[in-house]
Amino acid sequence: MTQYFSGEQLYGEDLTAAEREQWYQDEREGYAELVQTYSHAYTYNYHARNVEHGFRHLQQPAFARVLGIGSAAGYEFEPIVERCGEITILEPSEGLTNPRFEYVRPDISGLMPFPDHRFDLVTCLSALHHIPNVSTYLREIARVLVPGGVALISEPITSMGDWRNPRPGLTQHERGIPLPWFRARIEETGMAIDHEHLTDFPLMARWHSMMATAPHNIRWVVKLDCLICRLPIWFRRYHARRWWQKFRATGVFFIVHKPG
């Protein structure tokens with residue numbers, strides 16, 4: 001497991017078809033089941049983050065066809081829904097849906113049932129770390145984007161602990177995507193990275209427990225978090241083995257485009 005915990009390779013990429021099938025079954029309703037354990041009603045807590053690092057940078061006034069990967073009930077689209085035409089959500093869960101949108105179930109292979117050059121905008125916000133074959137999904141995002149199309153991709157970039165053992169508040173298989181590996185796989189698809197924002201300094205979790213409003217829904221907190229994460233003094237270790245190694249950005253938000 002050394003190559004995975006070092007961040008040199010991503011765990012899950014080299015699984016067999018049978019192992020991917022088991023992973024899929026384990027994760028399919030994992031997030032929906034996790035939401036059911038909350039002591040409060042579910043709310044979407046990332047609007048300010050998505051606007052600050054993603055939506056406000058979109059120059060197109062409208063998007064005819066939009067794809068949301070792992071978008072559940074589609075709450076992430078609320079800030080831009082009036083700019084979107086047809087919204088399709090690629091989502092395995094049957095417990096988190098919304099009648100406003102068209103739903104398609106993903107294939108275990110990672111191949112998407114859409115023609116080439118189908119979507120003007122793709123969002124993939126905190127979904128890939130639940131998936132074993134991340135590189136396949138990135139290639140598929142590039143394939144289904146129209147030339148000049150844009151994708152917003154955000155993910156954790158640390159191990160999220162030892163995924164071989166149960167972790168409170170997390171699904172069975174989720175693990176972050178090492179940042180150098182992540183950048184390299186995006187570039188291999190031919191997509192270009194326009195913006196890269198480091199996010200989620202560990203204090204965000206502390207703020208979440210102290211504030212009435214989720215920190216990712218407060219613009220000034222999101223801006224401060226981004227500023228702190230950019231400081232060059234923090235560790236960049238994928239899997240922290242000592243407490244002080246946890247002082248680092250734990251997430252990334254990419255804006256990429258497909259050259260046209």
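Val134, Ser135 and Leu138 of helix H5 meet Trp181, Phe182, Arg185 and Ile186 of helix H6, a contact being heavy atoms within 4.5 Å. Sorted by class, this H5 contact with H6 holds five nonpolar residues, one polar and one charged. Here Ala, Val, Leu, Ile, Met, Phe, Trp, Tyr, Cys and Pro count as nonpolar, Asp, Glu, Lys and Arg as charged, and the others, Gly among them, as polar. The model is a predicted one, with local features needing pLDDT of at least 70 and side-chain atom pairs counting only at pLDDT 80 or more, while totals for chains, interfaces and linings use all residues. Residues are numbered from 1 along each chain as its sequence is written, and side-chain values use heavy atoms, with hydrogens and water left out.

As for geometry, two packed helices are described by the angle and the distance between their axes. For H5 (residues 134-144) and H6 (residues 179-188), the axes come within 9 Å and cross at roughly 40°. The axes are lines fitted to C-alpha atoms over the stretch in contact, and angles run from 0 to 180 degrees between N-to-C directions. The H5 and H6 crossing is right-handed, so the near helix is turned clockwise from the far one by less than a right angle. Helices (H or I, at least four residues) and strands (E, at least two) are DSSP runs, numbered from the N terminus.

Back in H5 sits Thr136, which is buried at 13% relative accessibility; buried means under 20% relative accessible area with a 1.4 Å probe, protein chains only. Not counting residues up to four places away in sequence, Thr136 touches Ser109, Gly110 and Leu111.

Over in strand E5 (residues 145-156) there is Ser154, buried with a relative accessible area of 1%. Neighbours within four places in sequence aside, Ser154 is in contact with Arg49, Cys124, Leu125, Ser126, Ala127, Val252 and Phe253.

Ile218 turns up in the loop between helix H7 (203-210) and helix H8 (219-230). Ile218 too is buried, at 17% relative accessible area. From Arg175, Ile218 is 43 residues away in sequence and 26 Å away in space, C-alpha to C-alpha.

Then there is the second largest pocket, with 13 lining residues, of which Ile157, Leu179, Pro180, Arg236 and Tyr238 lie nearest its centre. By class, the lining of this pocket has seven nonpolar, three polar and three charged residues.

Conventions: Buried < 20%, exposed > 50% of the residue type's maximum accessible area, 1.4 Å probe, protein only. 1 Å grid on protein atoms, 1.4 Å probe; cavity = no way out; pocket = protein on both sides within 12 Å on 5 of 7 lines; lining within 4 Å.
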